[in-house]
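Hi everyone, thanks for coming along. Let me put the model up on the screen, and then I'll walk you through a couple of things in it.

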Amino acid sequence: MLSHKTQVICVWSIPTFLVGYITAFVFISGFVPPPAPSLSADEIANLFNDNATRIRIGQLLCMVFAILYMPWAGVVTVQMARIEGRLPVLAWLQLAGATMLTLLFMICSLLWLTTAFRPLQDPLNTQLLNDLSWLIFVMAYPEYWLQLIAMATVFLRDKSEQPFLPRWSCYFTFMVAVTGMGGSFAAFFKLGPWAWNGIFGFWVPIVSYLIWLIVMFVLLLKGLKRQSLDAEAA
């Protein structure tokens with residue numbers, strides 16, 4: 001019972017992470033829509049100078065909320081290990097992917113904080129730090145590839161009468177992993193749909209990933225409730 005309650009609390013980190021991170025990233029930092037990569041160094045420097053305080057506050061909060069990505073990944077790790085058995089290799093790989101993704105969230109926030117620290121001292125440096133931050137942010141798909149593909153593979157192998165996650169959610173997870181590749185082309189484009197502010201470079205990967213997190217939140221709670229009822233019946 002204690003383990004069940006702990007897991008439920010950890011799963012609730014998903015909506016807490018989403019609400020907190022989106023509020024800090026979008027409404028405080030003002031990073032959505034993203035600044036175009038085609039902007040000049042002076043334009044980027046002025047953008048950070050004019051919004052330096054709100055960017056610092058927003059990215060500090062982003063760092064705090066980013067750590068909430070880990071608790072629900074811990075629940076997934078436990079459930080994957082239960083399915084895999086004695087040597088849960090994919091469960092640990094999933095947790096490693098979630099850990100790397102969390103670190104990249106925090107690294108991007110640190111870089112944006114640094115960018116807003118002295119934005120007008122050298123506009124070229126400001127532009128470089130901003131470029132680095134956004135390219136990391138949209139090109140971090142290999143890390144969640146590791147997490148999502150490991151998850152989907154293990155839960156598809158769940159042969160129990162009532163699988164912890166439905167099979168359709170595993171195929172949906174594979175699809176979301178593929179959509180994340182759009183950000184990989186941001187390194188080649190400063191304009192158009194594949195740039196870091198474009199529909200394929202930013203919007204499709206981000207929106208599909210947010211929808212996936214909400215779906216996982218609902219399904220994880222349902223799976224844990226079913227496990228609790230089965231344990232009580234037994």
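I'll talk about a pocket and then about a pair of helices.

One thing to keep in mind from the start: this is a predicted model.

The largest pocket holds about 470 Å³ of space. Which elements give two or more residues to its lining? They are helix 2 (13–28), helix 6 (89–117), helix 7 (123–138), helix 8 (141–156) and helix 10 (199–233). Helix 10 gives the most, with nine residues.

In total, 24 residues line the largest pocket. If you'd like to find its centre on the screen, look for Phe-137, Phe-202, Ile-206, Tyr-209 and Leu-210, the lining residues that lie nearest to it.

Now for the pair of helices. At what angle do helix 6 and helix 7 pack? The angle is about 165°, and their axes are 9 Å apart. Roughly antiparallel here means an angle over 145 degrees, and helix 6 and helix 7 are therefore roughly antiparallel to each other. The crossing of helix 6 past helix 7 is left-handed.

Who makes the contact? On the helix 6 side, we have Leu-104, Phe-105, Cys-108, Leu-111, Trp-112, Thr-114 and Thr-115. Helix 7 answers with Thr-126, Leu-129, Asn-130, Leu-132, Ser-133, Trp-134, Ile-136 and Phe-137. By class, the residues of this contact are ten nonpolar, five polar and no charged.

Definitions and conventions. Residues numbered from 1 in each chain as written. Predicted model: local features only at pLDDT ≥ 70, side-chain atom pairs only at ≥ 80, totals over all residues. Heavy atoms only, no water. 1 Å grid on protein atoms, 1.4 Å probe; cavity = no way out; pocket = protein on both sides within 12 Å on 5 of 7 lines; lining within 4 Å. Points joined across faces, edges and corners; volume = space filled by probe spheres on them. Helix = DSSP H or I, 4+ residues; strand = E, 2+ residues; numbered from the N terminus. Axes fitted to C-alpha atoms, helices over the stretch in contact; angles between N-to-C directions. Parallel < 35°, antiparallel > 145°, perpendicular 65-115°, else oblique. Left-handed = near helix turned anticlockwise from the far one by under 90°. Contact = heavy atoms within 4.5 Å. Nonpolar A, V, L, I, M, F, W, Y, C, P; charged D, E, K, R; others polar.
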